[in-house]
Amino acid sequence: MGRGRARGRELTRQDFLLLSAGAGLALAGCGGSQSDLEKAGTGGKSYNGPKVSLSFWNGFTGGDGPYMQKLVDQFNSEEKNIDVSMNTVEWETYYQKVPSAVQSGKGPDLGIMHIDQLPTNAARGVVLALDDVAKALNLKESDFVPIVWQAGLYNGKRYGIPLDIHPLGLYYNKTTMEQGGLDPDDPPQTNDEYMAALEQLKSKGIEGSWISPFLFSGGLTFQALIYQFGGQLYNADATKATFNSQAGVDSLNWMVDLVTEGYSPKNVAQDAEYTAFTNGDNAFMWNGIWNINPLDDVKDLEWGAAPLPQIGSEKGAWAGSHNFVIMNKRGQDPNKVAAAKVFINWVSQHSEEWAKAGQVPARNSVRESQAFESLKWQPVFAEEISYVNFTPPVPGIADVYTGSLDPAINEVVLLKKEPKAALDEAASKANQLLKENQEKYQAA
Amino acid sequence: MATQGIEQPRVRRPRRKPADAGPLTAYLFMAPYLVLFTIFITVPVVFGVWISLHNWDPLLPVKPFVGLQNYVDLISPGSTTFGPFWNSMEATGKFTLYSVPLLVIIPLLLALILNRGFRGRNFFRATFFAPYVLGVAVVGILWRFLLDPNIGLVNYYLGVLGLPDKTPWITALPWAWVSLVGVTVWWTLGFNTVIYLAGLQDIDPALYDAAKVDGANGWQRFVNVTLPGLRPVLLFVITVTILASANMFGQSYVITQGAPGEETTTAIWYIAEQGLRFFKMGPAAAMSYVLALALAVVSLTNFALFRYRGD
């Protein structure tokens, strides 16, 4: 036994040296080719190379997947030399898998990433800079919603071509509003109107605005409210958490009051606010634009959507954004990168089809088109994009929330902690995590 | 590879040596397993120690060596990992403490019943085992909907029966533990039951006959024949159940989402999240070793107790 173990250790040391040498070589290989890959092709104008097939990964596992597939099919039939095949993985798995897949050279050629994941993946060398795409296609800030265009930059380079913006909006159940004695075509748009409506519903025994203690949708509601109360989650360079400001406390107090005043039940479990909305138990739901198609599929549900009511002193809304990225794949064929740029450009121009999946196109020309304006609910959400906010574009920012604010909001909405104390505690945790991230990515 | 560095392996000499059995025979027979063991266990275990001494992100070119800092952080209140890690260890500990006794005793009782001869015995055996074949995602989502405090069927039917119907099964303590342990018992008791059944069928019926002749009643036969007969099986069941409970992750991930706050976030969950989602593999590796050490201590204690009581 003793001998066997000693031998194992010896072998392991050798293996380890081999492993680390291999890893070093791999990294060296990556570094050399990244800038060449970034320059490949004509920046997405056209593709004249040999026939290539591209692997395109995303997390469109819901009703949005088929719409993207349709675009891919149309592209494939129009572009003879490029064959795109789409692979859908759950977002959470996607962000875990893509980096290692790309590093091993087996992953996708291109994909979609959320705006708050871009800096992390840029810093970790998972995605290529796409400045030449923007330049060649003459894409400018003025072609897009400014905030989403700026958020695609990291260290002065562009890593994402924005596809869409998906803001939070107010969904209302018309049947429930009618039962509560409200006008089903006049959703509340101010704090006074909202509270009056909730009071009216309460008088008919309806808890009108279920507050979820989880990120979807309670955490997103908080992130919309803090902007409305004039606050931000973090300071501009994301070195400090600012969500424990007065704006943050006011936001969370407002949410808790709905629970304690009986406008929301206590102990709302994950997705219960959504199920209750479709059942007619919940009248108002703050939720993302991506729910348009799923709600349309619910039989006999009479619903509408409006911009979020203005609760605080200004207008504000949470939003996310999907961005195209090209992977920094090990041993990548420059032709594939060139072809991927053509695909991205093509989909970006055809994003009105994507809007039908329940999204607001990031490109102004598409958003202002007749085709988009004629959609039923999407333009309602588009009204909000002048005042949506994103988190600052620093690597690791998406992780900070999970370890700090997320559990704090959870405990406060479940009435286990006071808003101010919980937010202060979360902010000091967040500050530590922000500092760790800063050190980690600066060292790299 | 397998022969490297062995001069005189000390193999106990067999009574009759097979014609061509050289000193390496035993090692050659073990070689296929040893190769796999080395690649998939030894190398990762040692490599993991190395990772735990760094701030290791596999994709970043610089992986700073930090010595024992990741371990020191785990015992320094105020570090980013101290609070959440020990909180998750506590959650894992609680879950193990609550679920193991139930998962050891209930399947034993079931096995005793199912070991008797009665009509439909095979049907019941299959029924109790059935949930075990389901995946954790299926079990989790199913029970999340059933146990939803406001719109779940469990509270609804409790209300119909005139019982309290506002119990926060999955959003408050202690109910969240009641639910997680209950669901896990329902889901996995079939496995232990099958092991017990096999053990019961291995006990020599002559022992029961002898006990009866000596005038032992049912309880005495259980204590003096069944339990001693099941000793190796019990040791196996307890060890495996402790380890399985200590690895709990999926149930709380799907059913409670770790809520309230991070109260039901288990150690494996927190480690996986830090290492695989946030790519903080250094601290995650350090935590894995602390968890592994804790489990080794528990398992050794378990073995020691059973050995002591016996021979």
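These exercises work through helix geometry and backbone features of a predicted model.

Residues are numbered from 1 along each chain as its sequence is written, and chains are lettered from A in the order in which they are written. Local features need pLDDT of at least 70, and side-chain values use heavy atoms, without hydrogens or water.

**Exercise 1.** Determine how α19 (residues 405-413) and α20 (residues 419-443) of chain A pack.

*Solution.* Take the axes as lines fitted to C-alpha atoms over the stretch in contact, with angles from 0 to 180 degrees between N-to-C directions. The angle is about 165 degrees, and the axes are 9 Å apart. Angles over 145 degrees count as roughly antiparallel, so α19(A) and α20(A) are roughly antiparallel. Next, list the contact (heavy atoms within 4.5 Å). α19(A) supplies A:L405, A:A408 and A:V412. α20(A) supplies A:P419, A:A422, A:L423 and A:A426.

**Exercise 2.** Locate the cis peptide bond between B:L173 and B:P174, and the positive phi of A:N138.

*Solution.* Most residues other than glycine have a negative phi, and most peptide bonds are trans. The bond joining B:L173 to B:P174 has omega of about 0 degrees. B:P174 sits in the loop between α6 (153-160) and α7 (175-201) of chain B. A:N138 has a phi of about 55 degrees. A:N138 lies in the loop between α5 (131-136) and α6 (146-151) of chain A.

How values were computed. This is a predicted model: local features need pLDDT of at least 70, side-chain atom pairs count only at pLDDT 80 or more; totals for chains, interfaces and linings use all residues. Helices (H or I, at least four residues) and strands (E, at least two) are DSSP runs, numbered from the N terminus. Angles under 35 degrees count as roughly parallel, over 145 as roughly antiparallel, 65 to 115 as roughly perpendicular and the rest as oblique.
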